[in-house]
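Open the model in your viewer and keep the sequence panel beside it. This tour moves from the whole chain to single residues.

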Amino acid sequence: MPALGITVATIAAFIISFAFYALAPAPPTAEPASEERPRPWQIAIELLRSAIISGLVAGLLLAADWGGPRQGALLALALWALPVVLLAGSVLWEKVPVRSAALHAGDWLIKLVAIGSILGLFT
């Protein structure tokens with residue numbers, strides 16, 4: 001389960017995040033979108049980030065002896081508290097616009113639930 005599930009969840013998270021930001025309206029304070037494509041190293045780091053999160057969720061599902069997409073999604077919802085708390089801190093202390101933080105929180109929610117659900121299928 002772990003290797004194949006983590007690989008599938010990693011690729012899905014990468015695609016979901018790409019689609020989310022491509023379709024989401026830009027916050028009003030955002031600078032105009034540039035036509036610059038992501039560099040290969042940026043894509044590699046984003047895939048690595050997704051793999052780390054997928055590995056963490058897989059490890060937690062295995063440690064809890066949970067299986068199925070529903071349990072994976074529930075774990076993901078609980079884990080969503082972490083990026084929400086971090087994003088709230090950036091709004092409070094770094095003056096990040098609320099709308100921008102909410103956009104990122106939405107990305108994390110969708111991505112985490114997808115990761116959890118996919119990994120739950122493999123347990």
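**Whole chain**

Of the 123 residues in the protein chain, 29% are buried, where buried means under 20% relative accessible area, exposed over 50% and partly exposed in between (1.4 Å probe, protein chains only). This is a predicted model, in which local features need pLDDT of at least 70, side-chain atom pairs count only at pLDDT 80 or more, and totals for chains, interfaces and linings use all residues. Residues are numbered from 1 along each chain as its sequence is written, and side-chain values use heavy atoms, with hydrogens and water left out.

Switch to cartoon. The protein chain has five helices and zero strands, in the order α-α-α-α-α along the sequence. The radius of gyration is 15 Å, close to the 14 Å of the globule rule for 123 residues, so the protein chain is as compact as a globular protein of that length. That radius is taken over C-alpha atoms, and the rule is 2.2 Å times the number of residues to the power 0.38. Helices are DSSP runs (H or I, at least four residues), numbered from the N terminus; strands are E runs of at least two.

Now show contacts, meaning heavy atoms within 4.5 Å. Among those in the protein chain with a separation of 6 or more, 86% join residues 24 or more positions apart.

**The core**

Select A9, V57, L61, L75, I115 and L119. In the largest nonpolar core, which has 13 residues, these touch the most other members. Such a core is a set of buried Ala, Val, Leu, Ile, Met, Phe, Trp, Tyr and Cys residues joined through side-chain atoms within 4.5 Å. Colour α1 (2–23), α2 (40–64), α3 (69–79) and α5 (98–121): each supplies at least two residues of this core. With four residues, α5 gives the most.

Centre on V57. Leaving aside residues up to four places away in sequence, V57 touches L75, L79, L112, I115, G116 and L119.

Most residues other than glycine have a negative phi. Find D65 in the loop between α2 and α3. D65 is exposed, with a relative accessible area of 69%.

K95 is not a glycine, yet its phi is positive, about 60°. K95 is exposed, with a relative accessible area of 66%.
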